[in-house]
Amino acid sequence: MTTKETIQRYCDRLQQKNGWESALADDMVFTSFTSPAKQVKGKDAYLQATKRFYSMVGSVEVRDLVVDGNRACALTRYELRPPNGAPAFASDVAEVFSVRNGKIDSFGIYFDSAGFPK
């Protein structure tokens, strides 16, 4: 599976809310470059650390995808629905991936947190 196919499959399954986790390598490294920067190592730790975020995803749209070898950058827009009944809001995110053996082995995100409800 190519890098592009791997990232597209991940995003498609995330939109469907079904099986997106299977695109992640067990030893993946995730970095959020939003201040303060935070790094999480390992698929299980990543899923635990991001459980709240993924529970709020109403939809995801890949606006652009640039691939160079085993690296890719996706510009995505997430519609997020807070669990407390607050209004849904959109978040534009730059996601930088690297892929090894058909799995995402590193994943970094950049976004402006100012739009998130306080």
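**Aromatic pairs and the nonpolar core**

Tyr10 counts as buried because its relative accessibility is 0%, where buried means under 20% relative accessible area, exposed over 50% and partly exposed in between, with a 1.4 Å probe and protein chains only. The model is predicted, so that local features need pLDDT of at least 70 and side-chain atom pairs count only at pLDDT 80 or more, while totals for chains, interfaces and linings use all residues. Residues are numbered from 1 along each chain as its sequence is written, and side-chain values use heavy atoms, with hydrogens and water left out.

The protein chain holds three helices and six strands; these are DSSP runs numbered from the N terminus, with H or I over at least four residues for helices and E over at least two for strands. Read from the N terminus, the order of elements is α-β-β-α-α-β-β-β-β. Along the principal axes, the C-alpha trace spans about 40 × 25 × 25 Å. Of the 118 residues, 37% are buried.

The largest nonpolar core has 26 residues, and the members that touch the most others are Tyr10, Tyr46, Tyr54, Ile104 and Phe107. Two or more residues each come from α1 (3-16), β1 (24-32), α3 (51-56), β3 (57-68), β4 (71-80), β5 (89-100) and β6 (103-111). Such a core is a set of buried Ala, Val, Leu, Ile, Met, Phe, Trp, Tyr and Cys residues joined through side-chain atoms within 4.5 Å. Setting aside residues up to four places away in sequence, Tyr54 touches Tyr10, Leu14, Trp20, Tyr46 and Phe107, a contact being heavy atoms within 4.5 Å.

Aromatic pairs number 12. Rings of Phe, Tyr and Trp (its six-membered ring) pair if their centres lie within 6.5 Å; planes under 30 degrees apart are stacked, over 60 edge-to-face and the rest tilted. Tyr10 and Phe97 make an edge-to-face pair, with 5.9 Å centre to centre and 65° between the planes. This pair links distant parts of the chain, since Tyr10 is in helix α1 and Phe97 in strand β5, 87 residues apart. Phe97 is buried, its relative accessible area being 1%. Phe30 and Tyr46 form a tilted pair at 4.8 Å centre to centre, with 55° between the planes. Phe30 lies in strand β1 and Tyr46 in helix α2 (residues 43-49), so this pair ties together parts 16 residues apart in sequence. Both Phe30 and Tyr46 are buried. Ring pairs join Tyr10, Trp20, Phe30, Tyr46, Phe53, Tyr54, Tyr78, Phe97 and Phe107 into a cluster.

Val40 is buried, at a relative accessible area of 11%. The C-alpha atoms of Val40 and Thr50, 10 residues apart along the chain, are separated by 9.9 Å.

Thr34 sits in the loop between β1 and β2 (38-41) and counts as buried because its relative accessibility is 11%. The side chain of Thr34 reaches the backbone oxygen of Phe111 at 3.3 Å. Beyond its neighbours within four places in sequence, Thr34 is in contact with Ile109, Phe111 and Ser113.

Methods: Polar contact = N/O pair within 3.5 Å; in protein donor to acceptor, adjacent residues only side chain to side chain.
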